[in-house]
2 protein chains.
Amino acid sequence: MRADARRNYDRIVEVAREVFREQGYDASLDEVAKRAGVGPGTLYRHFPKRENLLDAIMQSWVDKVTETTDKALTYEGSDRDLLIHWFEDYVGLISQHKGGPAKLTSAMGDPVSPIRTKCQVLSESNGRVLDELRAHGALRDGVDVIQVTRLVGGVATIADNSDLDPAAVRPMLEVVADGLLK
Amino acid sequence: MRADARRNYDRIVEVAREVFREQGYDASLDEVAKRAGVGPGTLYRHFPKRENLLDAIMQSWVDKVTETTDKALTYEGSDRDLLIHWFEDYVGLISQHKGGPAKLTSAMGDPVSPIRTKCQVLSESNGRVLDELRAHGALRDGVDVIQVTRLVGGVATIADNSDLDPAAVRPMLEVVADGLLK
DNA sequence: TGCTAAACGGAGACACTCTCCGTATTGTTC
DNA sequence: GAACAATACGGAGAGTGTCTCCGTTTAGCA
């Protein structure tokens with residue numbers, strides 16, 4: 001990749017992160033291009049679909065996801081609290097910008113989605129937490145990672161859509177946790 | 001309302017139901033107007049916001065909702081099965097067209113939403129089922145109707161987004177049910 | 001320094017939402 | 001049944017966003 005291309009690529013991602021945080025996932029891409037000081041052509045060459053840009057933006061917080069998971073696993077307390085805390089962290093992670101939870105969660109099963117890798121990181125993280133609980137013998141039989149990822153993603157999606165604050169989300173996560181634990 | 005206005009109103013609703021079912025909630029309204037044989041001005045005069053049109057479309061299935069609830073309440077079987085069956089019915093009801101679950105569920109808390117009345121019918125129905133279970137002493141303490149409505153709405157939303165079939169949705173509803181029941 | 005492949009960026013085609021206002025229709029009154 | 005408000009119609013067009021095409025510019029190599 002040529003130096004100027006690299007420069008523009010990075011600049012677009014940087015600006016897009018800012019704009020998406022401000023205006024949500026539906027923000028105008030021409031606006032992003034303008035703020036980044038490039039033409040729309042340049043933006044669309046680098047990121048043919050909106051999701052490609054989203055994927056690039058998310059690259060940076062993948063590290064944060066695994067880090068958060070590590071932290072969650074060291075939690076000292078009941079299995080139930082561990083799970084609920086993790087769910088809260090998870091919801092926070094995928095709710096970085098408006099529309100994120102829906103995009104991320106609905107891409108979860110799609111093998112050709114541009115943000116597939118991100119989904120894998122997320123369900124892997126979920127899987128690690130569930131494995132831990134399974135090792136404790138705390139989990140009901142037949143609990144499946146993707147199912148849980150979707151369920152919690154669903155909670156995050158409606159929390160995002162309705163601008164719910166964490167206090168309103170918690171009871172829902174408790175229900176999910178209770179439904180998963182023995 | 002003048003006769004010609006009434007005629008156009010009805011025709012628009014009829015066509016919109018068809019178009020929304022075909023193309024989902026995001027279908028072009030100008031397309032609806034064209035198919036209904038009216039100008040966009042006429043459509044927007046009757047339905048200033050997309051949601052007003054959605055609301056009119058839904059008017060017809062409100063009856064169906066209460067009817068389905070009645071049926072659910074006569075269910076002969078365990079409380080768990082009753083609840084799960086009802087959830088399945090509920091998901092079916094709000095998934096009539098693409099994007100419906102998200103719209104309906106996120107309008108749930110909003111007191112000024114044009115589809116508020118529909119949301120009320122839905123949460124009322126949910127409330128009736130929950131009351132029944134509460135009367136059986138089957139429900140955990142602190143279970144709140146709106147919370148449950150959102151939770152199941154979340155499941156419906158991601159099922160809608162990911163085109164999940166009922167078989168994939170069921171386990172999630174089971175988890176929710178188990179989290180709600182004693 | 002010159003050359004070529006790579007990249008740029010903006011004009012503009014296309015789609016959708018929504019409004020304004022001149023025109024047409026309804027239904028009421030005499 | 002003719003005239004006249006009041007009501008409703010509908011399409012032109014402004015505003016906004018997506019995305020492409022292609023003439024121009026630039027990087028990087030020889």
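This is a predicted model: local features need pLDDT of at least 70, side-chain atom pairs count only at pLDDT 80 or more; totals for chains, interfaces and linings use all residues.
Residues are numbered from 1 along each chain as its sequence is written, chains are lettered from A and ligands numbered from 1 in the order in which they are written, and side-chain values use heavy atoms, with hydrogens and water left out.

**Where the two chains meet**

- Counting contact as heavy atoms within 4.5 Å, 22 residues of chain B touch 22 residues of chain A.
- The copies meet through the same surface, because 100% of the interface residues of chain B are also interface residues in chain A.
- Buried area is the accessible area (1.4 Å probe) that two parts lose on being put together, summed over both; for chain B and chain A it is about 1,800 Å², 70% of it on carbon and sulfur atoms.
- Arg150(B), Leu151(B) and Val175(B) supply 28% of the area that chain B buries against chain A, more than any other three residues.
- There are two salt bridges between chain B and chain A, a salt bridge being a side-chain nitrogen of Lys or Arg within 4 Å of a carboxyl oxygen of Asp or Glu.
- One salt bridge joins Asp178(A) to Arg140(B), with the closest N and O atoms 3.4 Å apart.
- H9(B) gives the largest share of the side of chain B that touches chain A, nine residues. (Helices, H or I of at least four residues, and strands, E of at least two, are DSSP runs numbered from the N terminus.)

**Around DNA strand C**

- A residue is near a strand if one of its heavy atoms lies within 4 Å of it; 23 residues are around DNA strand C, and Arg2(A), Asn8(A), Arg45(A), Leu29(B) and Asp30(B) come nearest.
- Sugar and phosphate make up 60% of the atoms of DNA strand C that come within 4 Å of the protein.
- A polar backbone atom of Ala3(B) is 3.1 Å from a phosphate oxygen of DNA strand C.
- H3(A) gives the most to the surface near DNA strand C, with five residues.

**Around DNA strand D**

- DNA strand D is surrounded by 22 residues, the closest being Leu29(A), Asp30(A), Arg2(B), Asn8(B) and Arg45(B).
- Sugar or phosphate holds 61% of the atoms of DNA strand D within 4 Å of the protein, and the rest belong to bases.
- Backbone N or O atoms reach phosphate oxygens of DNA strand D from Ala3(A), at 2.9 Å, and from Leu29(A), at 2.9 Å.
- Asn8(B) has a polar side-chain atom 2.6 Å from a phosphate oxygen of DNA strand D.
- The largest share of the surface near DNA strand D comes from H3(B), with five residues.

Technical notes
A polar contact is a pair of N or O atoms within 3.5 Å; within protein, one must be able to donate a hydrogen and the other to accept it, and residues adjacent in sequence count only if both atoms are side-chain atoms.
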